[in-house]
Amino acid sequence: MQKYIARRVILFFPTLILASVLIFGILRILPGDVALAILGQESAEGGGGFTEAQIHNLREDLGLNDPLPVQYGKWVWSMLNGEFGGTSIRTNEDLDDIIGRRLPVTLQLALYTIVLSMVIAIPMGVFSALYQDKWPDYVLRITAILGQSMPNFWIALLLLLFMVTIVGWSPPLGYVNIWVDPWQHIQIVIWPALILAWRFSAYVTRVTRSGMLEVLAQDYVRTAKAKGLSQRLVIQRHSMPNALIPVITLGGLEVSTLLGGTVILENIFGIPGVGQGLVEAATGRDFPVVQSLAMMLVFFMLALNLLIDIAYSYVDPRVRYS
Amino acid sequence: MENHIVNNGTRALKILILSASLLVMAFMLAACSSDDPTAAPAASSTGSTSSEVVEESKYGGIANFSARTDPPRGWDPMSSGSISVLMIDGSLFGMGNLVRQCPDDGTAVCDNLSDTWSANADSTQWTFHIRDGVTWHDGTPFTAEDGKFFIDLATFGATTGDNVRRPNGAWKFVRSVEKTTATDASTLVVDLKYSVPDFDQLLSVDNQVLAHPKHLMQPEIDAGNVNVSPKDVGWIGTGPFMMESYTPGSVAKVRRYDSYYRSDEEGNRLPYLDGIDFYITPDPAGMDAAFRTGRLDATARGSGFQLTPERENAIIDTLGADKVQIMKMAQSSFWALAFNTLRDTPLKDLKVRQAIHLWLDRQELVEVTFGGFGKVTGMYDPDTEWAVTGLMDTPGWNAATKAADRTAAKALLAEAGYADGFEAEFMCRRQWGFVCEPIVGQLEALGISVKLELVDDATRASRTLDAAYDMNMAGPTVALPAQYGSLVASHADSPTADPKHADAKVDGFFRSLESASTVAERSAISKEMEQYMAVDMVYAAWLYTEEAHSVVRDYVKGVQVPADNYRRNLDFATVWLDK
Amino acid sequence: MANEPTIVDAVPTGHDDNLRPKRTLAQNLKRFARRKPMGAISAFILILLALTAIFAPVLATHDPILQDGPGRLQAPSAEHWMGTDNLGRDVFSRVIFGARISLEVGFFAIGLGTVFGVSIGVVSGYLGGKLDLITQRFVDVLMGFPFIILAMLLVVALGASLLNVGIALSVAIVPRVIRLSRSSTLTVKEEMYVLAAFTVGVSLPRMVFIHILPNTLGPVFVLATGALGGVIVAEAGLAFLGLGIPPPTPSWGGMLNVGARGYMEAAPWMVLFPGIALSVVVFTFSLLGDALRDILDPRLRRGGS
């Protein structure tokens with residue numbers, strides 16, 4: 001088992017390096033560079049042209065004229081030494097500040113979504129499994145899948161419209177973290193969290209349900225039922241724990257989808273998280289920001305998966321020998 | 001599976017641990033971040049605000065405004081002239097520098113940090129008297145040295161060792177400055193390389209904001225931080241408001257600066273407001289929702305955030321027409337469909353371009369694109385002295401003759417040999433898709449099969465430089481000759497001009513504009529240029545200008561609405577709340 | 001590997017097949033309809049959708065990209081069954097053609113992703129060793145990267161067009177398909193008869209195509225069906241970011257984006273119809289995917305309901 005854990009941990013680092021190369025590379029294949037993007041935007045919005053000299057100067061200032069391996073090296077070094085990639089080209093803000101303020105915001109949002117989903121969807125999944133193919137199953141599954149079927153920006157805009165026209169209320173402006181002003185924070189964050197949870201719980205319900213069905217079909221459960229054990233006891237002690245296993249193990253994958261979902265909602269609800277930051281930076285070709293934010297996200301995801309794998313290996317010995 | 005009956009509790013505990021660690025991680029990351037809401041140093045208040053309240057205006061209150069994004073580029077107007085920077089900079093630093101464009105007349109020059117100024121006989125030397133009693137927000141007096149620092153920084157940049165701050169390439173007044181001298185604390189002398197009779201007007205362009213305190217920035221520059229920005233030095237300025245706190249992505253709060261140098265006509269010190277909270281609202285839908293539920297007192301300016309008729313009606317429906325004031329501002333941006341005559345396409349033929357010019361129904365385009373919030377124009381606003389008189393009644397622009405013009409257009413196209421139409425590429429900035437689509441619709445009706453290419457800014461800039469397009473949507477331009485930064489009317493060899501041609505005559509117009517010294521001269525030249533470029537040669541089909549609508553609550557009074565350009569009058573010194 | 005999804009193991013279990021009587025296709029379909037009515041209804045709706053897409057030019061009442069300035073923003077009427085949009089185009093026709101576009105993009109993205117993913121997954125699983133290790137690291141990274149960001153970067157890089165949007169979206173399912181086909185391959189690899197064939201001297205490619213591929217296709221097909229809906233929603237998401245299928249091509253996501261951004265109150269028909277169409281289609285794909293998974297999972301079959 002030590003061997004398994006050691007192997008997983010060792011594999012973590014090359015994966016990280018691979019990720020960094022991929023992220024760095026994909027941005028460099030984008031045609032047109034950030035100097036042109038900045039000057040182009042300024043000239044398009046503000047009138048007035050720009051000169052070749054200005055482009056060249058800006059490229060120099062931004063270090064874009066260095067050879068690629070040098071740029072990569074500089075970036076990796078600054079990620080490691082705490083600078084996290086330097087400074088944003090568009091806003092002149094330091095990246096460690098950007099990450100420091102954006103990542104917690106998105107993490108909080110992700111956390112609420114996961115917790116809300118678990119709370120809602122696991123019972124839903126269990127119910128669904130118990131009443132497989134009967135009407136409660138259908139109703140619950142339809143509700144869950146509906147969350148995955150409607151584009152989340154549409155749900156969000158419909159919700160805003162409803163709030164404004166019917167209720168006459170809108171979320172307060174001015175995002176704050178939860179430890180600053182919990183009530184203001186919750187009023188702002190609850191809506192995207194609910195929308196994301198609706199979508200996320202579709203997945204959780206489905207997996208819980210199928211896990212539950214698997215377990216219910218097991219011989220030992222049928223034996224327990226035949227022996228006269230109450231349905232509830234059977235569920236609690238035997239089925240649910242095992243049904244939860246795939247939820248946790250697949251959680252790693254789905255959280256990345258979740259983070260993708262925050263991208264659009266953060267913008268609409270004015271939440272200054274990683275998603276919003278990435279969109280702004282990507283369209284503006286703000287390389288340092290995109291690189292570092294994306295790297296942080298991938299690091300987080302890989303670390304999460306690693307932890308889950310290790311935790312799971314304690315539980316399921318089959319895994320240790322694969 | 002039988003062997004893996006795990007305790008329910010352990011499972012739940014693991015979820016709990018995961019969640020808790022997420023939260024702790026979030027907290028630690030935020031705590032490590034040094035970007036706590038930054039408080040600006042307190043200013044020493046030398047004067048007290050007037051206690052007498054004028055019968056109309058009232059002191060007090062915090063206004064809730066919105067900005068569409070965090071000000072980029074360190075909030076430095078030397079780095080960016082975007083509304084995103086000016087929106088909040090205006091209240092901190094005022095508009096303009098030594099002089100500014102008059103609030104109610106953009107073509108006139110008004111006093112600002114300098115109260116009187118004069119030029120020598122041949123306009124090669126300008127002397128500015130610095131207003132008495134002006135102080136920075138930290139109490140330091142504003143002197144001629146600050147004026148010198150500002151002009152030098154823009155004109156020459158700064159160098160410390162290997163660190164270079166480049167001169168400002170976009171500000172036009174910079175080209176003519178030879179040197180500056182502060183002869184005493186109140187007098188700044190600017191020597192020019194050549195005669196510039198309207199140097200004060202060039203200086204007054206109000207996105208050229210003086211936000212650079214020498215006593216704070218010079219030490220930074222000397223220490224190597226040559227690109228020091230207003231944000232780096234705590235936003236110390238001379239404007240009516242001071243920075244209280246800034247939470248990126250959330251809100252910037254500014255509060256009254258008690259020693260602001262301006263007063264109203266009755267002598268009451270400005271500003272009236274206690275402060276302004278600028279909320280960052282990255283999405284127009286969120287901003288609308290906040291305004292309609294009373295959380296905002298004004299909507300933001302900037303493309304995408306201006307109101308369409310539908311959004312405006314929705315707001316009026318929710319709040320009631322008596323609870324809002326619609327602010328209408330011209331954009332001083334004249335949209336045009338620019339042609340590339342350097343490529344070997346049908347557009348090289350003047351007849352084809354004329355046909356397109358005659359065919360386009362500009363009134364309908366304004367209707368469809370802006371819902372009617374706009375006005376048909378040529379290269380300039382037809383109601384100004386720069387435009388050819390009566391141009392709007394000529395074919396192409398004239399709605400009354402459109403049917404006949406369209407017949408003529410078809411005939412011209414057939415004459416040129418394209419009776420069955422042809423194919424053309426249309427390069428359009430992605431954000432302007434809604435502007436380009438209706439044009440595509442009309443061109444298709446003429447028989448031109450248009451391939452619409454929505455591109456991002458970098459691609460657009462690069463393709464403009466390479467003249468790699470057939471047609472290009474030319475957007476906001478500043479066409480007033482006084483600023484002559486017009487992208488569209490640029491001379492032939494300007495690589496960033498949108499219409500591409502090799503016509504030296506256009507060059508000639510541009511150069512005479514630069515050397516003209518009176519308004520009358522310039523007006524005559526601009527008319528000739530419009531006639532030549534828009535009618536005779538149709539290097540672009542000039543279309544219209546957008547009327548930017550933003551909305552403000554009924555109790556917000558004293559907003560100076562700039563009639564000509566929405567990037568003006570953003571200091572909000574005269575604004576007060578009637579509630 | 002711990003991160004494997006719950007495997008839908010469609011591998012035949014050897015002995016049973018020889019004993020059970022073979023069913024005809026018609027009998028299988030009937031069985032499917034009886035046991036999973038929701039699945040059957042979904043399949044029916046999707047067949048309708050396919051027919052709409054194929055016969056779009058016939059079904060549409062107007063040219064979907066013909067603009068009509070004076071006739072813009074009209075409410076549904078006899079002339080325009082679903083009203084007109086902000087450029088005067090007929091919404092009904094655009095919704096009809098939007099079906100075609102959605103299916104085109106969906107099938108292209110899923111098809112590309114599946115072909116790519118299965119090839120890599122099968123080869124990687126069969127050959128094992130270093131290649132497998134590296135491939136799995138790639139997959140780890142891809143799965144850890146929020147897909148919409150990746151799609152966004154790709155569309156920004158390649159430019160927005162139907163093709164490029166399809167390519168960007170195909171990236172979404174590639175990692176999952178690789179994992180799935182790889183694990184199926186691993187399972188089959190162990191099967192005795194493959195080893196037997198190996199000792200008799202059957203060549204490698206023959207082995208791959210004849211023995212492994214068919215067994216991976218089952219679960220992949222289920223995954224693909226479920227993912228098709230996700231692709232259509234993702235295109236809408238890209239449209240919201242301004243990176244969807246470029247105008248004037250009518251796509252539901254694009255229509256939803258324009259409509260939701262300013263016409264929800266003034267012209268709700270612009271938003272409602274494409275929105276409902278999109279949601280219903282995605283919904284049915286998900287249901288179909290669920291039903292297929294339930295049917296094809298032998299473990300559940302054994303258990304019975």
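User: Before anything else, what does buried mean here?
Analyst: Buried means under 20% relative accessible area. One caution too: this is a predicted model.

User: OK. Which residues of helix α7 in chain B are buried?
Analyst: Helix α7 of chain B covers residues 309-319. Its buried residues are B:Pro309, B:Glu310, B:Arg311, B:Glu312, B:Ala314, B:Ile315 and B:Leu319.

User: What comes just after α7(B)?
Analyst: B:Gly320 does, with a positive phi of about 100°.

User: Switching to chain C. How many helices and strands are there?
Analyst: Chain C has 13 helices and 0 strands. Read along the sequence, the pattern is α-α-α-α-α-α-α-α-α-α-α-α-α.

User: How much of chain C is buried?
Analyst: Of its 305 residues, 55% are buried. Chain C still exposes about 13100 Å². Carbon and sulfur atoms supply 70% of that area.

User: And what share of the contacts in chain C joins residues 24 or more positions apart?
Analyst: The share is 74%, counting contacts with a separation of 6 or more.

User: Now salt bridges. How many are there over all chains?
Analyst: The count comes to 32.

User: Give me one in chain C. What does C:Arg182 pair with?
Analyst: C:Arg182 meets C:Asp132, at 2.7 Å from N to O. The pair links distant parts of the chain, 50 residues apart. C:Arg182 sits in helix α8 (residues 162-190) of chain C, and C:Asp132 in helix α6 (residues 129-144).

User: Are those two buried or exposed?
Analyst: Both C:Arg182 and C:Asp132 are buried.

User: How accessible is B:Asp111, and how accessible is B:Arg131?
Analyst: B:Asp111 is partly exposed, at 27% relative accessible area. B:Arg131 is at 16%, so it counts as buried.

User: What about B:Asp152 and B:Lys148?
Analyst: Their side chains form a salt bridge, 3.1 Å from N to O. The two are 4 residues apart in helix α3 of chain B, so about one helical turn separates them.

User: Why does that spacing along a helix matter for which way residues point?
Analyst: An α-helix has 3.6 residues a turn, so residues three or four places apart point the same way.

User: Which is buried and which is partly exposed?
Analyst: B:Asp152 counts as buried, at 18%. B:Lys148 is partly exposed, at 22%.

User: New topic: B:Val450. Where is it?
Analyst: B:Val450 is in strand β16 (residues 448-455) of chain B. Its relative accessibility is 12%, so it counts as buried.

User: What does B:Val450 contact, leaving aside neighbours within four places in sequence?
Analyst: B:Ala424, B:Phe426, B:Val440, B:Leu443, B:Glu444 and B:Met471.

User: How far is B:Phe305 from B:Val450?
Analyst: The two are 29 Å apart in space, C-alpha to C-alpha, and 145 residues apart in sequence.

User: Last one. Which residues form the negative surface patch?
Analyst: A:Glu83, A:Asp94, A:Asp96, B:Glu220 and B:Asp232 form it. B:Glu220 lies in helix α5 (residues 214-222) of chain B. B:Glu220 is partly exposed, with a relative accessible area of 31%.

Methods: Residues numbered from 1 in each chain as written. Chains lettered and ligands numbered in written order. Predicted model: local features only at pLDDT ≥ 70, side-chain atom pairs only at ≥ 80, totals over all residues. Heavy atoms only, no water. Patch = residues over 30% accessible without salt bridge, like charges linked within 9 Å, V, L, I, M, F, W, Y side chains within 5 Å. Areas by Shrake-Rupley, 256 points an atom, 1.4 Å probe, with all protein chains shown as cover. Salt bridge = Lys/Arg side-chain N within 4 Å of Asp/Glu carboxyl O. Lys, Arg positive; Asp, Glu negative; His and termini not counted. Charge placed at Lys NZ, Arg CZ, Asp CG, Glu CD. Buried < 20%, exposed > 50% of the residue type's maximum accessible area, 1.4 Å probe, protein only. Contact = heavy atoms within 4.5 Å.
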